[in-house]
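Subject: Structure handover

Hi,

Here is the structure I promised to pass on. Please open it next to this email.

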Amino acid sequence: MFDMNLKLRVMKQLITILFIGLIGFSVNAQDKVAKIEFKSETIDYGTIEKGADGVRVFEFTNTGDAPLIISKVSSTCGCTIPKKPEGPVLPGQTGKIEVKYDTKRVMPIRKTITVISNAETPTVALKIKGKVVDSSKESVLNKKNKSVLEQ
């Protein structure tokens, strides 16, 4: 009986010490944080032709002191397809988020790409803007809008 009580007290003390150590470790781990800093949070396509290359890249740096993990990158519509980095971005390293816009759609570009990560600022909104034109149709429209004297 005495031996059993001693074992229980030792086990309780050991569990308490492990629990305190675990809490101390997690407090130290929380001191380190990933930070995401983009070169630019907006990409301007300008005026581009229908069918042109719609791929652009947002470059960023992990300026924190913990690995940056981007868990999700999404767009406001199916016409914009973002691609996130596969693995973690270590402190001081750079990464890229590739965005492909469907340039077969002739219209102004105004889209938002949402980046979710473990960074100090967990959600970042990136923007793309511009205009896709069809020059073959636009030249016909310009001719229709000119007066007889201008032609």
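Below is what I found in it.

First, a caveat: this is a predicted model.

Overall layout. The chain has two helices and eight strands. From the N terminus, the order is α-β-β-β-β-β-β-β-β-α. Of the 151 residues, 26% are buried. The accessible surface is about 10,700 Å², and carbon and sulfur atoms account for 58% of it. Take the contacts between residues at least 6 apart in sequence: 66% of them join residues at least 24 apart.

The core. The largest nonpolar core holds 24 residues. Phe-38, Phe-58, Ile-97 and Ile-128 have the most contacts inside it. At least two core residues come from each of β1 (36–38), β2 (42–49), β3 (55–62), β4 (70–75), β6, β7 (108–117) and β8 (123–133). β8 gives the most, with four residues. In soluble globular proteins, nonpolar side chains tend to be buried together.

What does Phe-38 contact, beyond its neighbours within four places in sequence? The partners are Phe-58, Glu-59, Phe-60, Ile-97, Val-115, Val-124 and Leu-126.

Strand β5. This one spans residues 80–83, and its side chains alternate. Thr-80 and Pro-82 point to one face and are buried. β5 pairs with β6 (residues 94–101) in the antiparallel sense, over four bridges. Within β6, Val-99 is the bridge partner of Pro-82.

Best wishes

Conventions: Residues are numbered from 1 along each chain as its sequence is written. This is a predicted model: local features need pLDDT of at least 70, side-chain atom pairs count only at pLDDT 80 or more; totals for chains, interfaces and linings use all residues. Side-chain values use heavy atoms; hydrogens and water are left out. Buried means under 20% relative accessible area, exposed over 50%, partly exposed in between (1.4 Å probe, protein chains only). Two strands pair if DSSP finds at least two bridges between them. Contact means heavy atoms within 4.5 Å. Accessible areas come from the Shrake-Rupley method with a 1.4 Å probe; for residues, only the protein chains shown count as cover. A nonpolar core is a set of buried Ala, Val, Leu, Ile, Met, Phe, Trp, Tyr and Cys residues joined through side-chain atoms within 4.5 Å.
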